[in-house]
Amino acid sequence: EKQRGVIDEKTNEGQEIIRGFLLNSDPKKREALKKQIKHKGQLQPAIVTCDGFLINGNRRKMIFEELLKENHGDSKYSNLRVVILPTNVKKIDIKKIENRYQLQDEGKSEYIGLNRALTIRDNIDDDYSLEAQILDDPLYADKAGNNRELKTVKDEIHKNFLNPLKCVDRYLKLFNREKLYDTISSGIGDSKGRWQAFIDYSNFYHTYLENDKQRQNLGIRKVEIPVIEEAIFKIIRKR
């Protein structure tokens with residue numbers, strides 16, 4: 001958005017930007033979904049608002065368009081099955097629907113690593129609390145009322161997503177590239193990607209640099225933290 005301004009998904013230009021992102025996001029998994037649709041068809045319906053805005057299914061829509069072109073207009077790829085939401089659906093309801101579907105695996109590689117972290121934080125900013133997001137995940141639906149187990153899951157999400165994302169923001173700010181998240185690789189199996197480096201650094205930062213006792217054991221003064229962080233970020237930048 002910093003490069004192009006706010007993206008309006010309802011315009012042709014916005015759809016092209018999203019299409020470009022999907023084409024470049026985890027092509028191996030996208031190809032696997034394409035093969036699945038070609039041989040088994042569409043397993044899940046896409047979701048659209050009552051005014052026709054596609055909120056879940058952009059990747060499948062793109063693949064249907066590709067298959068329609070590659071198969072010379074074969075009618076089996078001319079229509080995408082959808083569920084149309086009623087008119088009284090609120091923004092928070094749409095957020096919940098997106099979150100629940102993104103947690104299911106049908107080639108949704110945009111919901112891993114950095115992109116998942118961004119989604120979780122955006123949801124929190126839109127008053128969709130972290131606890132509500134956790135309980136909407138089928139893996140953790142049974143944690144309702146169990147404060148100890150919920151805290152464990154929350155801590156894991158902070159450790160693996162939200163805390164590393166804070167490091168990413170500081171990294172981008174250092175190099176005057178605020179919000180340019182596309183410069184951070186997050187594909188599954190991408191050994192050269194930067195996202196894992198931010199997870200590793202975040203764990204080091206919270207375990208040692210932010211902990212007075214641990215930091216002193218390493219002989220590091222608090223005033224030296226910014227210098228150490230800048231050096232680490234410059235190393236990460238070279239990846």
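1. How many helices and how many strands are there in the protein chain? There are 10 helices and 3 strands, where helices (H or I, at least four residues) and strands (E, at least two) are DSSP runs numbered from the N terminus. The model is a predicted one, in which local features need pLDDT of at least 70 and side-chain atom pairs count only at pLDDT 80 or more, while totals for chains, interfaces and linings use all residues. Residues are numbered from 1 along each chain as its sequence is written, and side-chain values use heavy atoms, with hydrogens and water left out.

2. On the overall architecture, the order of elements from the N terminus is α-α-β-β-α-β-α-α-α-α-α-α-α. Of the 239 residues in the protein chain, 38% are buried (buried means under 20% relative accessible area, exposed over 50%, partly exposed in between, with a 1.4 Å probe and protein chains only). The accessible surface comes to about 14600 Å², and carbon and sulfur atoms account for 49% of that surface; the areas come from the Shrake-Rupley method with a 1.4 Å probe, and for residues only the protein chains shown count as cover. Among contacts (heavy atoms within 4.5 Å) between residues at least 6 apart in sequence, 63% join residues at least 24 apart.

3. The largest nonpolar core has 30 residues; such a core is a set of buried Ala, Val, Leu, Ile, Met, Phe, Trp, Tyr and Cys residues joined through side-chain atoms within 4.5 Å. The members that touch the most other members are Ile 157, Val 168, Tyr 171, Ile 184, Trp 195 and Phe 198. At least two residues each are supplied by helix H5 (113-125), helix H6 (130-136), H7, H8 and helix H10 (225-237). H7 provides the largest share, 10 residues. Leaving out residues up to four places away in sequence, Ile 157 touches Ile 120, Leu 130, Ile 134 and Leu 162. Another core, of 6 residues, lies apart from the largest one and includes Leu 33, Ile 37, Ile 63 and Phe 64. In soluble globular proteins, nonpolar side chains tend to be buried together.

4. Helix H7 (residues 147-174) and helix H8 (residues 195-209) pack at an angle of about 100°, with their axes 8 Å apart; axes are lines fitted to C-alpha atoms, for helices over the stretch in contact, and angles run from 0 to 180 degrees between N-to-C directions. H7 is therefore roughly perpendicular to H8 (angles under 35 degrees count as roughly parallel, over 145 as roughly antiparallel, 65 to 115 as roughly perpendicular and the rest as oblique). Among the residues making the contact are Phe 161, Leu 165, Val 168 and Tyr 171 of H7, and Trp 195, Phe 198, Ile 199 and Tyr 205 of H8. By class, the contact has 11 nonpolar, 5 polar and 2 charged residues, with Ala, Val, Leu, Ile, Met, Phe, Trp, Tyr, Cys and Pro counted as nonpolar, Asp, Glu, Lys and Arg as charged, and the others, Gly among them, as polar.

5. Ile 236 lies in helix H10 and is buried, with a relative accessible area of 5%. Not counting residues up to four places away in sequence, Ile 236 touches Tyr 171, Arg 194, Ala 197 and Phe 198. The C-alpha atoms of Ile 236 and Trp 195 are separated by 9.5 Å, although the two residues are 41 apart along the chain.

6. Asp 127, which is not a glycine, has a positive phi of about 70°; it is found in the loop between H5 and H6 and is exposed, with a relative accessible area of 71%. Asn 176, in the loop between H7 and H8, has a positive phi near 55° and is exposed at 59% relative accessible area. Most residues other than glycine have a negative phi.

7. Gln 42 is found in the loop between helix H2 (27-40) and strand S1 (46-48). Gln 42 is buried, with a relative accessible area of 12%, and, leaving aside neighbours within four places in sequence, is in contact with Phe 64, Leu 80 and Arg 81.

8. Val 82 is found in strand S3 (residues 82-84) and is partly exposed, with a relative accessible area of 37%. Beyond its neighbours within four places in sequence, Val 82 is in contact with Pro 45, Ala 46 and Val 48.
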